[in-house]
Amino acid sequence: QVQVVESGGGLVQPGGSLRLSCAASGRIFSANVMGWYRQAPGKQRELVADITSGGTTNYADSVKGRFTISRDNAKNTVYLQMNSLKPEDTAVYYCRVVTGRAYEYSSWGQGTQVTVSS
């Protein structure tokens, strides 16, 4: 069982920056993918960015050039550096860990609120 805990959310002005952290613990296989999703009220949860244990990254078009995902494999921690934040980035951000020999296990964190407003 994998435990996932997010932190770093908060209130920030448009154009500002925020850095989210996600720490995973438990039985995590060497091959894994860690990613960030977000969900605004009344909307579906969407992928923001993810990164494999090998370092391959993937970003949603809406955040390319503004957000950067990175990870520390030794700490099983993934980060999301968010720059040039916009009001439409406001959402609850969730961390997801996919692991297992066949990537059969999926674990979610409880989420952290990000609010971009003046």
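Reply: Helices (H or I, at least four residues) and strands (E, at least two) are runs assigned by DSSP, and they are numbered from the N terminus. This is a predicted model, in which local features need pLDDT of at least 70 and side-chain atom pairs count only at pLDDT 80 or more, while totals for chains, interfaces and linings use all residues. Residues are numbered from 1 along each chain as its sequence is written, and side-chain values use heavy atoms, with hydrogens and water left out.

Me: How many helices and how many strands does the chain have?
Reply: Followed from the N terminus, the elements of the chain run β-β-β-β-β-β-β-β-β-β-β. The count therefore comes to zero helices and eleven strands.

Me: What is the radius of gyration of the chain, and which value would a compact globule have?
Reply: Along its principal axes, the C-alpha trace spans about 45 × 25 × 20 Å. The radius of gyration is taken over C-alpha atoms, and the globule rule is 2.2 Å times the number of residues to the power 0.38. For 118 residues a compact globule would come near 13 Å, and the chain agrees with this at 14 Å.

Me: What percentage of the residues is buried?
Reply: A residue is called buried under 20% relative accessible area, exposed over 50%, and partly exposed in between (1.4 Å probe, protein chains only). Of the 118 residues in the chain, the buried ones make up 42%.

Me: Which residues have the most contacts inside the largest nonpolar core?
Reply: A nonpolar core is a set of buried Ala, Val, Leu, Ile, Met, Phe, Trp, Tyr and Cys residues joined through side-chain atoms within 4.5 Å. In soluble globular proteins, nonpolar side chains tend to be buried together. The largest such core here has 29 residues, and those with the most contacts inside it are Trp36, Leu80, Met82 and Tyr93.

Me: Is valine 78 buried or exposed?
Reply: Valine 78 lies in strand E8. Leaving aside neighbours within four places in sequence, valine 78 is in contact (heavy atoms within 4.5 Å) with residues including Leu20, Met34, Trp36, Ile51 and Cys95. With a relative accessible area of 0%, valine 78 is buried.

Me: Where does glutamate 88 lie, and is it buried or exposed?
Reply: Glutamate 88 lies in the loop between E8 and E9. The C-alpha atoms of glutamate 88 and glutamine 1, which are 87 residues apart along the chain, are separated by 34 Å. At a relative accessible area of 56%, glutamate 88 counts as exposed.

Me: What is phi of serine 84, and what is phi of tyrosine 103?
Reply: Most residues other than glycine have a negative phi. Serine 84 sits in the loop between E8 and E9, whereas the place of tyrosine 103 is in the loop between E9 and strand E10 (105-108). Serine 84 is partly exposed at 41% relative accessibility, and tyrosine 103 is partly exposed at 43%. Neither is a glycine, yet phi is positive in serine 84, near 50°, and in tyrosine 103, about 55°.

Me: How far apart are the C-alpha atoms of tyrosine 105 and phenylalanine 29?
Reply: Tyrosine 105 lies in strand E10 and, at 44% relative accessibility, counts as partly exposed. Beyond its neighbours within four places in sequence, tyrosine 105 is in contact with Phe29, Val97, Val98, Thr99 and Gly100. Tyrosine 105 and phenylalanine 29 are 76 residues apart along the chain, and their C-alpha atoms are separated by 9.9 Å.

Me: Which residues does leucine 47 touch, apart from those up to four places away in sequence?
Reply: Leucine 47 is placed in strand E5, and its 28% relative accessibility makes it partly exposed. Not counting residues up to four places away in sequence, leucine 47 touches Trp36, Tyr37, Asn58 and Ala60.
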